[in-house]
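Here's a quick briefing to read with the model open beside you. Start with the pocket, then move on to the metals.

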Amino acid sequence: MPVTLTWTGHATWLIDTGHGVLLVDPFFDECPTASMKARDVHCDAILITHAHFDHVADAVAIAKRTQATVFCNFEIAQWLGKHGVEKTQPMNLGGRVQVPGGTAKMEIAHHSSSFADGTYGGNPAGWLLDVGGRRIYIAGDTCLFSDMERIGRPDARGRGLDVAILPIGDLFTMGPDDALEALRLLKPKVALPNHYDTWPPIAQDAAVWAEAVVAARLATPHVLVPGASFVVK
Ligand code: NI
Ligand code: MN
């Protein structure tokens, strides 16, 4: 069964694993480029990389309405609990949990993590998913870091990464050049850019970046528009 990755804009993804839908970093109603509204989202689990507004904005509303469990670091789980979210799975870096369709491992990211109200949001993270038989790495907000070589290593069954989802927006995360270097380390089959063009300070020409990915033979890039899907065959 294929795994379908739908980008709704910014760093928000709906991942249909064939056994349920994972929602990553819900940011809809105040996202200028979002392809849908929070009230229309259906999901079975919610995964959060860090506490910044553009990654958690609609988490409380969607978690309450859908009763989907929120997988996140301990501090974010505490904050969600104080805001009335009942089903959370607090965890921390290096932890691996069962999610609909497979597993999710919380990986390191180099960034910061605080809520809009100033509350400490724990360590920022990325996600390494093994769902529907596919290995998908979501970097989250991060700079380039050398452990991406480790994250990209084939697992015990010899499976490398099928997909890497990377920020290319620069300024708050790595930019296009460092995202190319990230692909050299991660060695995924497919590269999907995100966290760009949401606002003018992170505007990027993703098509130019994709051409560079192809020219350097680093991966097969797919530049999506918000609302479009990529099917991992
Ligand atoms: Ni951030
Ligand atoms: Mn962000």
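What volume does the largest pocket have? The largest pocket comes out at about 170 Å³. Keep in mind that this is a predicted model, where local features need pLDDT of at least 70 and side-chain atom pairs count only at pLDDT 80 or more, while totals for chains, interfaces and linings use all residues. Residues are numbered from 1 along each chain as its sequence is written, chains are lettered from A and ligands numbered from 1 in the order in which they are written, and side-chain values use heavy atoms, with hydrogens and water left out.

**Pocket and cavity**

- Both terms come from a 1 Å grid over the protein atoms alone: a cavity is a set of points where a 1.4 Å probe fits but cannot get out, a pocket is an open set with protein on both sides within 12 Å along at least five of seven lines, and lining residues have an atom within 4 Å of a point.
- For volumes, grid points are joined across faces, edges and corners, and the space filled by probe spheres set on the points is what counts.
- Around the largest pocket you'll find R96, K105, E107, L128, L129, D130, R135, R150, I151, R153, D155 and R159.
- β8 (102–108), β9 (125–131) and α4 are the elements that give two or more residues to this lining, and β9 has the largest share, with three residues. Helices (H or I, at least four residues) and strands (E, at least two) are DSSP runs, numbered from the N terminus.
- By class, the pocket lining has nine charged, three nonpolar and no polar residues. Here Ala, Val, Leu, Ile, Met, Phe, Trp, Tyr, Cys and Pro count as nonpolar, Asp, Glu, Lys and Arg as charged, and the others, Gly among them, as polar.
- There is one cavity of 30 Å³ or more, and the largest cavity has a volume of about 30 Å³.
- A11, D25, T49, H55, I138, G140, D141 and N194 line the largest cavity, which by class gives two nonpolar, four polar and two charged residues.

**The two metals**

- Donors are N, O and S atoms within 2.8 Å of the metal (3.2 Å for Na, K and Ca), and water is not among the atoms, so sites may look incomplete.
- The nickel ion (ligand 1) has H50 (NE2), H52 (ND1), H111 (NE2) and D141 (OD) as its protein donors, at 2.2 to 2.3 Å.
- Along the chain, the nickel donors are spaced H-x1-H-x58-H-x29-D.
- H50 sits in the loop between β4 and α1 and D141 in the loop between β10 and α4, so this pair ties together parts 91 residues apart in sequence.
- D54 (OD), H55 (NE2), D141 (OD) and H195 (NE2) coordinate the manganese ion (ligand 2), at 2.1 to 2.2 Å.
- The manganese donors follow the spacing D-H-x85-D-x53-H.
- The two ions are 3.2 Å apart, and D141 coordinates both.
- D54 and D141 are both buried; buried means under 20% relative accessible area, exposed over 50%, and partly exposed in between (1.4 Å probe, protein chains only).
- H50 has 0% relative accessibility, so it counts as buried too.

**Helix α2 and what follows**

- In α2 (residues 59–66), the buried residues include A59, V60, I62 and A63.
- These pack against β3 (21–24), β4 (45–47), α1 (53–56), β5 (69–73) and α3 (74–82), where contact means heavy atoms within 4.5 Å.
- Q67 is in the loop between α2 and β5 and has a positive phi of about 65° although it is not a glycine.
- R217, in the loop between α6 (206–215) and β13 (220–221), also isn't a glycine, yet has a positive phi of about 55°.
- Most residues other than glycine have a negative phi.
- Q67 is partly exposed at 36% relative accessible area, whereas R217 counts as exposed at 78%.

**Two threonines in β1**

- T4 belongs to strand β1 (residues 3–9) and is partly exposed, at 22%.
- T8 is also found in β1, but is buried, at 1%.
- Beyond residues up to four places away in sequence, T8 touches L14, F28, T33, A34, S35, M36, P226 and G227.
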